[in-house]
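This report concerns domain organisation and salt bridges. The sequence and structure are shown first.

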Amino acid sequence: MAAVLHGLPCMARAPLRPLLTGGPVVRLASGMALAEQAQQLFESTVGAVLPGPMLHRALSLDPGSGLLKVRDRSFQLRQNLYLVGFGKAVLGMAAAAEELLGQHLVQGVISVPKGIRAAMEHAGKQEMLLKPHSRVQVFEGAEDNLPDRDALRAALAIRQLAEGLTADDLLLVLISGGGSALLPAPIPPVTLEEKQTLTKLLAARGANIQELNTIRKALSQLKGGGLAQAAYPAQVVSLILSDVVGDPVEVIASGPTVASVHNVQDCLHILNRYGLRAALPRSVKTVLARADSDPHGPHTCGHVLNVIIGSNVLALAEAQRQAEALGYRAVVLSAAIQGDVKSVARFYGLLAQVAGAHLTPPGTGASVEEEERLQELAAELQLPDLQLKEALEAVVGARGPVCLLAGGEPTVQLQGSGKGGRNQELALRVGAELGRWPPGPVDVLFLSGGTDGQDGPTEAAGAWVMPELASQAAAEGLDVASFLSRNDSHTFFRCFRGGAHLLSTGLTGTNVMDAHLLFLWPRC
């Protein structure tokens, strides 16, 4: 189906063929054929963490007995099930949950991004939409992922539902990335504006995300275990789609169903560190003083079952299975890729050089210096789960095409006013690196895509590149370095070969960060 991005035509692409289910991999005739296969694998990665499949893996309901099973726990349903949710993927999660749970669901309230229903309708994602007579009330807010009055109204409606529950009730909580901005409910007398101002001041003075979350939780009615506390004594089952490296449940959406491990002294220490304690509004001082004198001490969440139902790890595992079915030797490198996109791109470029050398005849391999530099780059990135040694060993024994998989969320330091996203910028930088490190008689393709289908403020999910990118771009009058200096990767890929290298999936209805696929195919 042909598409147009900002007035520039994009190359039409035929619908993707189904993935092969077994047998030897077929020799691909061109880079475009390899790119189509790469996009198929990316789509299978996303498919593993779509709301429907995730919910059905996590929940099972016996219609006869009304017994709901969640992992190894069972809950008796008898018109006592309620639902709340917040996050970018929660609309689809709620639709799947209501279809599965049917008449057992009494009432629900969800908070989702502004415009998400219209976007899903436009994309034809009917399975991501609630039915016309749904028992779930939908609030849209947090435009541009910023807390606002609409999100505050949603948060208060969620709190009201939770507080009305009894010991006989079960509250199903659906959480995905973006949930923090969609659940803003400061503790009175703190106002939403005061909380936002304090957060911005801390960020401007260099506070990290952990410090910001500590302050947010302390001033929030629902974060840091507040929602779980509001729902007590009802049982709470929290189903979580993780968009955070390592899947820490206390960090995702600021942990509304996880007891906070921080206290008032932790908050005061942070405020002192950044010279803000004396300038605090009276309302903030009142809330912190009240918490400091709470005779009950920190709240616990013993009535809560928190379950990660979707993550980058699960998505990459599915991609690995699909790649192996296609005949690749597939290895997952890491699900925790972080750090500056420039360093990550250098790592992937050198990895392609070293791994590609292991696929070629003796004597054409990478030098000892290149292997040592790759190890140094890996150490600099400090990736806790990196399987570099195992991946290189697998390449040595592959004797055929290889697919190295990774995921995470690199960061881009903005220097220009161009348009792009971290996936398109990473792909463009890797393309430049591949041009500097000729891989020899090995075809190489790198793809980077956001699993939510949106890479920054663009319609693309990401892009794919090969070593010939820089020379081919130069032939079209496009200077890769110039586009990178402006952080203008999206404009580059729209212009380069008519947009054929853009990865365009549309909204997926899920989000487990990014997926990176590196393919190496020996020509001999």
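## Salt bridge at Arg-523

In this predicted model, Arg-523 is partly exposed, at 42% relative accessibility. Its salt-bridge partner is Asp-443, with the closest N and O atoms 2.9 Å apart. Arg-523 lies in the segment after strand E17 (514-522) and Asp-443 in strand E14 (residues 442-450), so the pair ties together parts that are 80 residues apart in sequence. Asp-443 is buried, with a relative accessible area of 19%.

## Other salt bridges

The structure holds 16 salt bridges. One of them joins the side chains of Lys-114 and Asp-150 at 3.7 Å, N to O. Because Lys-114 lies in the loop between strand E7 (105-113) and helix H4 (116-122), and Asp-150 in helix H5 (residues 149-163), this pair ties together parts that are 36 residues apart in sequence. Lys-114 is partly exposed at 44% relative accessible area, as is Asp-150 at 23%. A network of salt bridges links Lys-114, Asp-150 and Arg-153.

Arg-486 and Asp-488 also form a salt bridge, their closest N and O atoms being 3.8 Å apart. Arg-486 is partly exposed at 32% relative accessible area, whereas Asp-488 is buried at 9%.

The protein is divided into domain 1 (28-49 + 313-522) and domain 2 (51-185 + 220-260 + 295-310). Each domain contributes 16 residues to the contact.

The area buried between domain 1 and domain 2 is about 1300 Å², 64% of it from carbon and sulfur atoms. Leu-507, Gly-509 and Asn-511 supply 38% of the area that domain 1 buries against domain 2, more than any other three residues. Across this interface there are zero salt bridges, but two residue pairs are in polar contact.

How values were computed
Residues are numbered from 1 along each chain as its sequence is written. This is a predicted model: local features need pLDDT of at least 70, side-chain atom pairs count only at pLDDT 80 or more; totals for chains, interfaces and linings use all residues. Side-chain values use heavy atoms; hydrogens and water are left out. Domain bounds come from an automatic or database domain assignment. Contact means heavy atoms within 4.5 Å. Buried area is the accessible area (1.4 Å probe) that two parts lose on being put together, summed over both. A salt bridge is a side-chain nitrogen of Lys or Arg within 4 Å of a carboxyl oxygen of Asp or Glu. A polar contact is a pair of N or O atoms within 3.5 Å; within protein, one must be able to donate a hydrogen and the other to accept it, and residues adjacent in sequence count only if both atoms are side-chain atoms. Helices (H or I, at least four residues) and strands (E, at least two) are DSSP runs, numbered from the N terminus. Buried means under 20% relative accessible area, exposed over 50%, partly exposed in between (1.4 Å probe, protein chains only).
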